[in-house]
Amino acid sequence: MMVPAFFALLLVAGIAHAQQYRWVDEQGRVQYSDTAPPPSARDVRKLTATGAKPAAAPQQPYELARLQKDFPVTLFTSPNCVEGCAMARAALNKRGVPFTEVQVWDEESNERLKRAAGAAEVPTLQVGSSTHRGFEQGAFDSLLDSAGYPRAGILPAGTQKPPAPPEGYVPLSERSPVAEPVKPDASEEPQKLGPYAPGGRR
């Protein structure tokens, strides 16, 4: 598979090697430095640097910024979704795809998810206007591939963690039970008797 040039740039880090010197000073002591030794130094040797100065973090490529604009990635989760949402988040982080995480927990967030995916199911991945409900690695990859996002290993892995529970959210284990009235069964509702019904007056 050919890697686009704008993503290949992320694979190449500019490594600046510092020239190292070994030399003997006037007192006969061996010295090491990354600057040229003084004129009085003896037995000057240039050493091959084994370390490297850390490269500056690469700027976000234009093409990735364009993809984020045309095909923004949104992951719908919920505070009580643990394993499936964690797997979905890890898959996006491994691929290095920038994404927004939306927690579904109240009427407003449920309606937003229903408008996007047609059902309130988490995790749900939205890429552009397309969605996939539930976590399935192959489906996630196919959706991201179709948008043009680079495959895993090209972008640096992400480190996005789950967001804190929304303000006002109460875990299910801490919610007080609420009694609901029994809805009458249609078959048990009293039937109105007409003049010709069995037992009716004629």
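Is A91 buried or exposed, and what is its relative accessible area?

Modeller: Happy to! A91 is buried, with a relative accessible area of 13%; buried means under 20%, exposed over 50% and partly exposed in between, using a 1.4 Å probe and protein chains only. Please keep in mind that this is a predicted model, where local features need pLDDT of at least 70, side-chain atom pairs count only at pLDDT 80 or more, and totals for chains, interfaces and linings use all residues. Residues are numbered from 1 along each chain as its sequence is written, and side-chain values use heavy atoms, with hydrogens and water left out.

A91 belongs to helix 3, which spans residues 83-95. Helices here are DSSP runs of H or I with at least four residues, strands are runs of E with at least two, and both are numbered from the N terminus. Leaving aside residues up to four places away in sequence, A91 touches F135 and Q137, where contact means heavy atoms within 4.5 Å. A91 and F140 are 49 residues apart along the chain, and their C-alpha atoms are separated by 8.2 Å.

Rings of Phe, Tyr and Trp (its six-membered ring) pair if their centres lie within 6.5 Å; planes under 30 degrees apart count as stacked, over 60 as edge-to-face and the rest as tilted. By this rule there are two aromatic pairs. W105 and Y169 form an edge-to-face pair, with 6.3 Å from centre to centre and 85 degrees between the planes. W105 sits in the loop between strand 5 (100-103) and helix 4 (107-117), while Y169 is in the segment after helix 5 (137-147), so this pair ties together parts that are 64 residues apart in sequence. W105 is partly exposed at 30% relative accessible area, whereas Y169 counts as buried at 15%. Back in our neighbourhood, the ring centres of F135 and F140 are 5.0 Å apart and their planes stand at 80 degrees, so this pair too is edge-to-face. F135 is partly exposed at 24% relative accessibility, and F140 is buried at 1%.

F140 brings us to helix 5, whose buried residues are A139, F140, L143, L144 and A147. They cover an arc of only 125 degrees around the axis, which puts them on the same side of helix 5; the arc is that of the directions from the helix axis to the C-beta atoms. Among the elements that cover these buried residues are helix 2 (62-70), helix 3 and strand 4 (73-77), and strand 6 (124-127) and strand 7 (130-133) are included as well. Just after helix 5, G148 takes a positive phi of about 105 degrees.

Two strands pair if DSSP finds at least two bridges between them. Strand 4 pairs with strand 6 in the antiparallel sense over four bridges, with L75 standing opposite L125. Strand 4 and strand 5 run parallel and are joined by four bridges, and F76 has V102 as its bridge partner in strand 5. Here helix 3 comes back into the story: the chain crosses from strand 4 through helix 3 to strand 5 in a right-handed β-α-β crossover. Right-handed means that, with the strands pointing away from the viewer, the path from the first strand over the helix to the second runs clockwise.

On strand 6, Q126 counts as buried at 16% relative accessibility. Beyond residues up to four places away in sequence, Q126 touches P72, V73, T74, F76, A116 and T131.

A disulfide, defined as a pair of cysteine sulfur atoms within 2.5 Å, joins C81 to C85 at an S to S distance of 2.0 Å. The torsion about its S-S bond is about 105 degrees, so the disulfide is right-handed. Both C81 and C85 are buried, and the count comes to one disulfide.

Stepping back, the chain has five helices and seven strands, and 29% of its 202 residues are buried.
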